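Subject: A structure for you to explore

Hello,

Here is the structure I promised to pass on to you. Please open it next to this email and look for each place as you read.

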Amino acid sequence: MPKHPTRREFVVTSTSTLAAIAAIPVLSPSLRRDLARRDAAIIARPFDLHQVRLLPGPFRDDLEVNRRYLMGLDPDRLLHSFRVTAGLPSTAEPYYGWEAPDNELRGHFVGHYLSGCALMAAQTGDDAVKARGDLIVAELAKCQQADGYLSAFPSELIDRLKARRGVWAPFYTYHKIFAGMLDSYTLSSNAQALDVATKMAGWTRDWVQPVDDTQMQLILRTEFGGMGESLNNLAAITSNMSWIDVSRRFDHEHILTPLAEGRDELTHVHANTTIPKIIAAARRYEITGDQRSHDIADYFWREVTGKRCFVTGGTSSGESWKNPVGQLAGELAPDTEESCPTYNMLKLTRHIFGWTADARAADYYERALFNGMLGTQHPADGEKIYYTPMASGYWRMFGTPDHGFWCCHGTGVESHSKFGDSIYFHDDDGIWVNQFIASEVNWGEKGVRLVQETAFPAKDTTRLIVHVARPTQVALRIRVPYWLGGGASITVNGGRNLTIAGLRSSYLTIDRAWHNGDHVDVALPMKLHVHAMPDDPTLQAVMYGPLVLAGKLGPEPTRAGPTPPRMTPDFDGSPVTKPITVAAINAPSDDVTSWVKPAGKPLEFKIVGQEREIALVPFNRLFDARYAVYWKVTRG
Ligand SMILES: [Zn+2]
């Protein structure tokens with residue numbers, strides 16, 4: 001059952017917040033089924049994206065690069081294959097890569113593009129981005145068939161699933177467009193998009209209706225993205241429970257049953273095919289109160305974040321979980337950490353936090369956001385990454401302008417449009433401040449605007465400023481992260497400094513009547529620490545506070561890749577692209593500070609006492625260079 005965390009918590013003033021949360025009633029089954037109370041399972045509600053604005057800092061810089069990237073794409077080129085499929089004229093040159101006219105996933109990126117524009121418009125209030133999204137919706141609506149089908153390829157590709165004939169992932173692609181339409185409605189107020197999405201869902205309902213359960217389970221072996229999630233979302237948007245019934249047809253029991261029974265049978269399973277099935281369960285729980293769906297999502301999240309993730313919060317090697325649970329040391333490779341699973345784990349974590357208000361979920365979110373997501377877009381041109389190699393001696397590889405459009409390119413344009421989406425959550429009484437990102441949230445219902453001024457993580461402090469028209473009682477719950485290197489300290493309105501020791505993965509709550517201009521200063525000391533592989537304690541990554549540090553090993557061979565783009569760092573196979581060998585670290589002691597020293601600049605360090613010094617920098621800002629994240633550390 002959802003519950004407020006029972007872990008240690010420090011409340012600066014009154015305990016009314018905890019009392020209020022504890023008083024949330026357990027819902028009866030009938031109430032749970034009541035769509036009118038569909039969000040009752042949620043303790044901590046995320047703010048709508050349009051209520052949050054980013055202030056200057058690395059996340060806003062990254063967002064701006066993506067905004068330019070989105071607006072730089074040509075709508076007619078994006079729409080080409082849709083128009084051709086619908087029998088409409090198109091003289092535009094198509095895009096290539098996975099959007100090429102002969103690629104079975106063509107059109108998938110356009111769905112992500114719709115979501116990206118909707119997210120970006122909500123995140124920034126940019127009318128030009130909204131207009132771009134609206135244009136794509138309107139043009140795609142002209143391509144929708146009378147029976148609701150809308151795709152850049154003929155429905156024959158989806159029909160191949162029934163005959164079990166070879167096809168890549170047609171429902172995966174269909175879902176992207178479906179989700180893009182729903183996002184355009186919910187985030188960008190485009191009513192036409194909901195009409196298109198509802199018709200697309202109707203076509204899906206008619207397609208699955210004659211398929212018996214046995215055949216459907218066979219069909220579900222082929223990747224189908226977030227069909228279940230989007231159908232659940234449509235049910236919530238329209239208050240029409242029949243869409244839940246359609247979503248159930250996409251419950252892949254081969255994956256879900258073991259998870260419901262608390263068994264990790266994820267080894268050899270494709271990560272990014274799987275996570276959306278779990279997000280669908282999470283959304284189902286929120287809408288219907290179905291306990292089995294809750295248990296599936298809860299167990300899966302704990303298994304993957306606790307036992308199957310690298311130090312960055314990313315997961316998968318060769319796109320799958322290759323080894324038995326907890327065995328990660330053997331998974332380091334050039335094709336680790338496909339970016340889509342990180343995108344999807346962040347989405348799932350947002351749900352998990354909503355049910356639990358558990359700081360450990362926000363801790364994971366920070367880990368994956370700062371280390372696994374920031375840095376997956378090239379700052380020069382907005383190109384996106386596919387894999388993030390965890391093997392040493394490789395480098396980040398990005399797409400090329402006309403020839404990428406991979407899955408991760410698609411999830412990338414979404415991720416880099418919505419950095420404000422999980423900084424703050426709220427209930428009726430207060431706000432959770434989960435991430436330390438320069439931003440502000442406008443809580444209109446409460447008449448509170450909270451501004452967070454921070455240079456985090458370059459500095460280990462943040463200031464929260466409350467803007468209210470009249471004194472207002474609000475509980476500010478500030479996350480105290482797992483990585484804290486000393487006592488957290490807090491000052492209200494420049495008064496007495498209060499230092500709290502021994503509090504990690506928890507919340508520091510200040511519940512009081514705030515006056516306009518009141519401010520809180522929080523210091524969260526960082527320190528160097530290591531993150532060791534669970535199955536090999538001598539294989540260690542170095543962290544400073546929340547940041548993974550990477551060793552700079554020299555420039556990458558070349559940025560200008562061949563065409564088509566290189567899918568892995570070894571794509572062209574030439575000797576120059578081979579990794580370079582990284583020597584083991586000879587450590588004088590178990591204390592990381594015996595071999596890692598400050599380098600004289602904020603967040604920069606160096607490995608000392610070895611054959612040569614190696615510069616260590618935040619992994620999320622290391623581009624165009626070979627690197628190492630994990631080090632073999634031996635005691636000298
Ligand atoms: Zn991907």
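What spacing do the donors of the zinc ion follow along the chain? The pattern is E-x1-C-x66-C-C. Please keep in mind that this is a predicted model, and that goes for everything below.

**The zinc site**

Four residues supply the protein donors of the zinc ion: Glu338 through OE, and Cys340, Cys407 and Cys408 through SG. They lie 2.1 to 2.3 Å from the ion. The angles among the four donor atoms run from 93 to 119°, and the site is tetrahedral. For comparison, the ideal angle for four tetrahedral donors is 109.5 degrees.

Where do Glu338 and Cys407 sit? Glu338 is in the loop between α15 (291-307) and α16, while Cys407 is in helix α18 (residues 407-415), so the pair ties together parts that are 69 residues apart in sequence. Now try this one: is Glu338 buried or exposed? Glu338 is buried, because its relative accessible area is 1%, and buried means under 20%. Cys407 is buried as well, with a value of 5%.

**Empty space in the model**

Rolling a probe the size of a water molecule over the atoms shows where empty space is left. Start with the largest pocket, which holds about 1300 Å³ of space. It is lined by 42 residues, and those closest to its centre are Pro46, Thr186, Asn233, Arg283 and Arg350. Which elements give two or more residues to this lining? They are β2 (45-46), α5 (108-124), α8 (170-188), α11 (227-238), α14 (271-288) and α16. The largest share comes from α8, with seven residues. By type, the lining of the largest pocket divides into 14 nonpolar, 13 polar and 15 charged residues.

There are also cavities: nine of them have a volume of 30 Å³ or more. The largest cavity has a volume of about 70 Å³. Among the residues lining the largest cavity are Tyr343, Leu346, Tyr365, Met373 and Phe419. Both α16 (339-356) and α17 (359-373) supply at least two residues of this lining. Here the division is six nonpolar, one polar and three charged. You will notice that α16 has turned up again: it gives residues to the lining of the largest pocket and to that of the largest cavity.

**Strands around β6**

Next, find strand β6 (residues 439-443). How many of its five residues are buried? Four of them are, and the strand is mostly covered. Strand β6 pairs with strand β3 (residues 52-54) in the antiparallel sense, over three bridges.

Most residues other than glycine have a negative phi, and most peptide bonds are trans. A few places are worth a look with that in mind.

- Phe456 and Pro457 are joined by a cis peptide bond, with omega about 0°. Pro457 lies in the loop between β7 and β8 (461-468).
- His268 is not a glycine, yet its phi is positive, near 75°. You will find His268 in the loop between α13 (253-260) and α14. His268 is exposed, with a relative accessible area of 66%.
- Leu603 is not a glycine either, and has a positive phi of about 70°. Leu603 lies in the loop between β18 (596-598) and β19 (605-607). Is Leu603 buried or exposed? Leu603 is buried, with a relative accessible area of 8%.

**One last stop**

Helix α13 contains Leu259, which is buried at a relative accessible area of 2%. How far apart are the C-alpha atoms of Leu259 and Arg360? They are separated by 21 Å, and the two residues are 101 residues apart along the chain.

Enjoy looking around, and write back with any questions.

Best wishes

Note on methods:
Residues numbered from 1 in each chain as written. Predicted model: local features only at pLDDT ≥ 70, side-chain atom pairs only at ≥ 80, totals over all residues. Heavy atoms only, no water. 1 Å grid on protein atoms, 1.4 Å probe; cavity = no way out; pocket = protein on both sides within 12 Å on 5 of 7 lines; lining within 4 Å. Points joined across faces, edges and corners; volume = space filled by probe spheres on them. Helix = DSSP H or I, 4+ residues; strand = E, 2+ residues; numbered from the N terminus. Nonpolar A, V, L, I, M, F, W, Y, C, P; charged D, E, K, R; others polar. Donors = N, O, S within 2.8 Å, 3.2 Å for Na, K, Ca; no water. Tetrahedral: all angles 85-135°; square planar, octahedral: opposite > 155°, others 65-115°. Buried < 20%, exposed > 50% of the residue type's maximum accessible area, 1.4 Å probe, protein only. Pairing = 2+ DSSP bridges.
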